[in-house]
There are 2 protein chains.
Amino acid sequence: MIREIYLDNAATTRPLEELKEIYTAYAADAWQNPSALYACATRVQKQIDDAKGTLLRVFGGQGHKCFFTSCGSESANTVILRGAKQKKNMHYVCGGAEHPCVEESFKFLQNAGYGVTFVPTNKNGVVSPEAVANAVTEDTALVSIMHVNNETGAKNDIERIAALVKAKNPHAMFHSDGVQAFCKERLQNTSNIDYYTVSAHKLHAHKGTGAVFYKDHTPLKPYILGGGQENGLRSGTQNTLGILSFAAAAEYFETMVDPGHVHILKEIFLNECSNIPDVEVLSPENEADACAHIVNISVLGVNGETLLHTLEAAGVYISTGSACSSKKGKSRIAAALGLSQEEAAGAVRISFSPFNTEEEVRFAAREIEKNAAVLRKFMRK
Amino acid sequence: MIREIYLDNAATTRPLEELKEIYTAYAADAWQNPSALYACATRVQKQIDDAKGTLLRVFGGQGHKCFFTSCGSESANTVILRGAKQKKNMHYVCGGAEHPCVEESFKFLQNAGYGVTFVPTNKNGVVSPEAVANAVTEDTALVSIMHVNNETGAKNDIERIAALVKAKNPHAMFHSDGVQAFCKERLQNTSNIDYYTVSAHKLHAHKGTGAVFYKDHTPLKPYILGGGQENGLRSGTQNTLGILSFAAAAEYFETMVDPGHVHILKEIFLNECSNIPDVEVLSPENEADACAHIVNISVLGVNGETLLHTLEAAGVYISTGSACSSKKGKSRIAAALGLSQEEAAGAVRISFSPFNTEEEVRFAAREIEKNAAVLRKFMRK
C-alpha cells in the first residue's frame, strides 16, 4: 500500500481525531431538539450558544453576533440576498474572482434587475482596496470581497477595504467570504466588517455546518424560513453535532496550531518548485498578499488534470482548482485572472494543513517534477 | 437516577447505535470532497449516489430523483420558492395547518404579490381532498399539503389529493411535506407527487440533512446558489456523514422496524388516557386519518407547559407542540384547528418511536393522570 499525502486541504479536510469524543457525547446526551422545553434540551441550546461564543472570540468580533447555517454557500447566499435593506436602484459591488456561491448570488441579483459592479483582481487574484472604494456609490447596498481566494490563496486586505467602503458610503454593508481564511488569518479590527461567513469543514471539522458573523445593526433577514430557530435568522433544527465540532476545531486552531508551520511548508514547496523548469507561481509573490496554506502553480506544457491523476497514482492528492468548479472546468477563474491558455491548462492547486509534514511537501514537489518531465515528453512527441 | 422516557420523537430522535460505524468509516475514509477528481473522492460521490437510490426505493419513487439539503425546512423552502415555473398571476394552494417552513414560504410569496389560498383543515388537522381540488385554478402553480401533521398526527390522503389536483390542472405542481411521514407511512402511488420533502433526524439519523424527491420534468431551480453540487440543484459541499446516516436509517426502518409496534403503543396510550377524566383527544379518531406515532391530547383544566415540566420531573419527555414553535407559543396551530382556549391551554403532544416500550407508554399515561390530578387541585383552588 502506498502512503497517501493529502494536499487538497482547501477542498476539505480530514476530521480531527478529537471530534470522535464530541460524536460520542452528542449521540449519548446532546441529540435532543434544542428548541424543546425540558432541561436536557435547553442544555443543548446552551452548548450551541457557547459554540457561538467560541467562534466569535476566534474571529475577534467587535459587536458581532453569530448564527449557524449548513455551509459556507448558504452563509454567503443569506448575506448577499438578504443582508441589505430593500430599496430602489440598489447597487452592489463584488470581487472579480469570488467563490461561485458569492458570484452566483450577485448574478441572481443582476438578473433581478439590480446593478452589480464586479471589481477585477490582479493576475494573482488580489483586489485593490482603492478600486473597490471607487466602485462604491451612494446607492451601494452591499460590497462583498473575499478574505482569502480559494484558487490562488490571494489575501485581500479586507480591514482596509471595509474602512474605505464605509468612508465612501457609511450605509453600504460590507461582507467578506472568510471560508478559506477563518482560523488561519487573524484580523486586528473587525469593526467595519458587517458580515463574515465561514465553514466548518475547511478546519478539520465536519461538512454540513457554516456560520454567519454579523454586526448587531444590520438589516439581515432570514433566507431559510420556518420555525424561527437561531433567533429568527435561520430556520431548521440546528445541526448540533456539526456546530459543536466546528467550535472544537476553531478552539484547536486557536490553541494547538502553530501558524508558522504551514508557512514553512509553503516556503519549502515553493523553493522545491523553483528548481522545476517552466513552473509559474500563480499565487501572489508578496507575502502580505498571500495566505500560507494555498499555492497555485502552472506547470507549463502539461495538462493539470493529467498531472493530478499521475500524482494520484503516487499517492499525492491535489486539485486543478476548487472542487466546487472541478466539474465545470476552470475557465471561470482563468478568465478572471487573465491567464493564457497554457497557464490555465497547467494550473494545479496545492493546499496545506497543519498536519502535513515537511517531508510530505518535499515528496510532492519531487513527484510534480518527475511527472511533469514524463508528461512533457508525451506532449512534445 | 430516574429512568428517562423520551416521548418527543416528532421533535427529534436519538441517533441509531448503528450510525457509530458510519461515523468511524466517514472519519477514516469518506471525508474527502465528493466533487474532487481523484478516486477516493469519486468513491464518496458514489456512496452519496447510492444513498439517493436507497431513499428513493423506500419512498417508492416512480420517475423520481433526489437531491440532498441541510434539513426539511430548506427542502420545503426550495420546492415552494423555486419549484414552480415563473409566470404572471401565479396562484398557490397550501394546507391550513402546515409546518412553519411551508407556511412562511407561502407568506413570503403572498408578500411578493402572489395569490395564496390556505385550505382550512378540520379540527384534527385533516385536509379535505375535495376542498384542495376546489381551490385549484388554471393559474395554480403549486399546491402543498403535508403528509402527516406534526402537531396532531393527522394523515392526509396525499395520493388522492395529488390525483384530484392534477385532474383539475395538470400543470400545477404538487408538493407534500413528508418530514413526519417518511419511512413511517407507505405510499402506493407516488406518480402524481412532483415533490416530496424529508428530513433525517426524525428517523434516528442526524440533524443537518434533508432531501427533496422530485419528478424529472419539474421546473425546479436551486435555492442555495454556488458551485453547482447535487446536479446543479443544491450548492455547498455535501454533508456526507449526514447523508450516509440518513440512508442507513431509512434502510433500518425498511428492514428492522415493525410498524405494528408503534400502532400498539398508540392504542395502549389512548386506552389508558380514556380512563383519565376530562382528556380530549385532538388527533383524528378515524384510523385512516391518523398516523401511529403522534398523539395530541388536551388535558382540560391544566396548563400543558406546566404538565410538561411535572412530567419532566418524573423523567417523561413530551412537548406542548412542535419544538419549532415552542418558543412562539402554540397560538398558530390552535387557531388553525379552531381549538377553544381551554383545549389549547391543555394540549400536549406525545410522539412514539419504534424503540419505546409498552411499559414506558403505560408509565407515561399514569404520570399524566397523576400530575393532572395534582395540577387541577391547584388550578381549582
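A: **The interface between the domains**

In this predicted model, chain A is divided into domain 1, covering 5-14 + 258-380, and domain 2, covering 19-255. The C-alpha centres of domain 1 of chain A and domain 2 of chain A are 27 Å apart. Domain 1 of chain A brings 34 residues to the contact, and domain 2 of chain A brings 31 residues.

Between them the two domains of chain A bury about 2600 Å², and carbon and sulfur atoms give 49% of that area. On the side of domain 1 of chain A, the residues that lose the most area to domain 2 are Thr13(A), Arg332(A) and Leu337(A), which together make up 21% of what that side buries.

Next come the polar and charged links. Three salt bridges are counted between domain 1 of chain A and domain 2 of chain A. Lys123(A) forms a salt bridge with Glu280(A), with 3.7 Å between the closest N and O atoms. The count of residue pairs in polar contact between the two domains of chain A is 19, both residues of each pair being at pLDDT 80 or more.

As for secondary structure, the elements of chain A that give two or more residues to the domain 1 side of the contact are strand S10 (294-299) and helix H10 (331-337). H10(A) supplies the largest share of that side, four residues. By residue type, the side of domain 1 of chain A that touches domain 2 divides into 16 nonpolar, eleven polar and seven charged residues.

Conventions: Residues numbered from 1 in each chain as written. Chains lettered and ligands numbered in written order. Predicted model: local features only at pLDDT ≥ 70, side-chain atom pairs only at ≥ 80, totals over all residues. Heavy atoms only, no water. Domains from an automatic or database assignment. Contact = heavy atoms within 4.5 Å. Buried area = accessible area lost by both parts, 1.4 Å probe. Salt bridge = Lys/Arg side-chain N within 4 Å of Asp/Glu carboxyl O. Polar contact = N/O pair within 3.5 Å; in protein donor to acceptor, adjacent residues only side chain to side chain. Nonpolar A, V, L, I, M, F, W, Y, C, P; charged D, E, K, R; others polar.
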